[in-house]
Amino acid sequence: MNVVSARRRSVGRGGGGRAIRGGKAKARNGATNGTNGSGGPMNGASQVPQNGANGAKEKPPEKEKAQESYESDSSDQVSSSDEEERWKDSKLSNDVPSEYWHIQKLVKYMKAGNQTATIVALCCLKDHDLTTQMNQRAIQDCGGLEVLVNLLESNDMKCRLGALSVLSEISSNLDIRRAIVDLGGIPLLVQILSEPGRDLKIMAAETIGNVAKVRLARKLVRKCNGIPRLVDLLDVNMNCLRSQRDQLSEEEREMLDMARAGARALWSLSESRHNKELMCKSGIVPLMGRLLKSVHIDVVVPTMGTIQQCASQANYQLAITTEGMIFDIVSHLTSDNLDLKRQCSSAIFKCASDKTASDMVRESGGLEPLVGIARDKTVRDNKQLLAAATGAIWKCAASEANVKKLDQLKAVQVLVQLLNDENEEVLTNVVGAISECVKYQNNREILRQCGGIPLLVNLLNMTHAPLLENIARTLKECASDPESMTLMEELDAIRLIWSLLKNSNPKVQAYAAWALCPCIENAKDSGELVRSFVGALELVVGLLKSRDNFVLSAVCAAIATIARDRENLSVLSDHKVIRMLADLVYTTDDLLREHLAAAIASCAPYSTNTQELGRLKTVTPIVGYMVSNNPRVHRTTAMALQKLSEDPQNCITMHQSGVVPFLLETVGSKDRELQEASAGCLQNIRKLALRAEELELCGE
């Protein structure tokens, strides 16, 4: 399709509205001469009046009616909407610079001129700053986008290249991106990626990189099979990547530019989960690994951006580790480019949950620059970089070897200084990193000495759920340190943690309940402390209605700790805790089984609770817990069975349920608590059997 054909299709629309793409026109290169008869080609200026039927002078019926209304002597015929339009136009003519009208004139030449005029108009258009909103609006207002998109189907290479160069610049505007999608530009851009011209491929990929920030565009690129074509652009030999640009030939520079443009496009496309999966199938991982070794920052940044976007998926995390990309990612952490640092830190944040990856970060020297970023006061305003770096430290700190290295770098002291930050994402990651470090006693002492505990307790008043989860996890670890626990009591931390049970987020509820266990266990006069909180026990029992097994497990653990105090157990029993625990016994979740059995063991001794549990038919399901492969479940189950066996009827039920073989096996365990509980239960069953024999003999 030639330029004139493309021009005719757009001009007939009057320069506005959505282009109607009814298929490719049949006219080819000869159509240009056919429009001018036997004469020579006309220039852009003479073409305007001769194409008046198709050009700017043709008015759609609506425009003609508006014009007639405007020229009418009767003011009553003029509608309010026409008044508004004229007011806006008059305001626009007063406010806009002359450049706006000059650009619109160039677009008209593109519509009405021949190939030469179109190319000249495109070149003149490029002389303007097309990144400004006013100039972009000038193109859009007079229907220039339709012309530019239609020119992508032209057979003239220069016209297509000129149109692409303009589109690649103006597509930074969100409205223009959407308009390009609506005008059917995505299939045309994808088609250009298969053509031999490297300049065209580069411009098309850059335009896709901008337009693909629109969700529909990402889907269309995938549907048009554009992702494999973009992945192919990344295939550059190592010599191009390792050599400086001035040392490369012209062809090698073009190959490098194609890789850069392709990486930018794939970066935008990688926001879609389906696109990530297709990119992986297209073999992008080894190509990204090669591009990471490049000395060209403009290639590495979009590549790294794509990697960190894809690293949210497990298959990419494994591929990044197995391809050895971690070492290259760490090497770029020392770059002067802050955006590259952020992308690298974010990729480590997502990958370091895997122990192999976190060990590779340490072995390649990645912890030092990460802590350096957190320590650097000049980047405190760059919240995205700070959040990524602290997040990477958090995930790496899950490894004991990494914590030892972080201790050498005085990471806890650095992290405590960041607890005054106002950004919630940064605070979440900082507290998460501290929660991993304070699993070790030396770091609990450092946290206390640096004044971290008051800062953490103060953050309990925040509302960001992930932050509250991490604070609860941190204070749970601190509660095992006597001095830290004393300080927490002075700061009224237990009341604040207890109030988190009212939070609507299940994870916050669960971690708060877990944190309460060591707090109650290690607090001075914990029984009185718990009773001093109005409605606290009722709140805990109420959470047994939760449908989240993790919450139920944590609440059962808290009840097991609270019920050690007899007065508290009395209050719990009044709130019908036995009936609610009995409703949970048919669970198959091992974590819940473990802590549910512990709660039953703690609550059973009070009053008639043992008989009540037997009446509610909880014994047989609890005996079934002994088939679990988890030794912790065996321990708490044996403890519960020992308490339940105090009731003769429960002993009979246990015996009938076949508990004896399990107890005979666990009585030989190396776990002392399990041994004692199993032996105690067997003793109670045996006593009942002996008593029954005695009664039988007496009866005879």
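Biologist: Which residue follows helix α30, and is its phi positive or negative?

Modeller: That's G451, and its phi is positive, near 80 degrees. Some ground rules before I go on. This is a predicted model, where local features need pLDDT of at least 70 and side-chain atom pairs count only at pLDDT 80 or more, while totals for chains, interfaces and linings use all residues. Residues are numbered from 1 along each chain as its sequence is written, and side-chain values use heavy atoms, with hydrogens and water left out.

Helices (DSSP runs of H or I, at least four residues) and strands (runs of E, at least two) are numbered from the N terminus. Helix α30 covers residues 441-449, and its buried residues are N443, R444, L447 and R448. Buried means under 20% relative accessible area, exposed is over 50%, and partly exposed is in between (1.4 Å probe, protein chains only). Looking down the α30 axis, those buried residues fall within an arc of 140 degrees, so they line one face of the helix. The arc is taken from the directions from the helix axis to the C-beta atoms.

What sits on top? The cover over the buried residues of α30 includes α27 (400-408), α28 (411-417), α29 (424-437), α31 (452-459), α32 (465-478) and α33 (482-490); contact here means heavy atoms within 4.5 Å.

For contrast, take α19 (residues 284-291): six of its eight residues are buried, so the rest of the structure largely encloses this helix. The buried ones are I284, V285, L287, M288, G289 and L291.

R473 lies over the face of Y511, 5.9 Å from the ring centre. Y511 also belongs to a cluster, linked by ring pairs with W514 and F550. Rings of Phe, Tyr and Trp (its six-membered ring) pair if their centres lie within 6.5 Å; planes under 30 degrees apart are stacked, over 60 edge-to-face, and the rest tilted. That rule gives five aromatic pairs. In one of them, Y100 and W101 have ring centres 4.9 Å apart and planes at 85 degrees, so they are edge-to-face. Y100 is buried at 2%, whereas W101 is partly exposed at 39%. There's another charge over a ring at K395, whose charged end sits 4.1 Å from the centre of the W394 ring.

How values were computed
A charge sits over a ring if NZ of Lys or CZ of Arg is within 6 Å of the ring centre and within 35 degrees of the ring normal.
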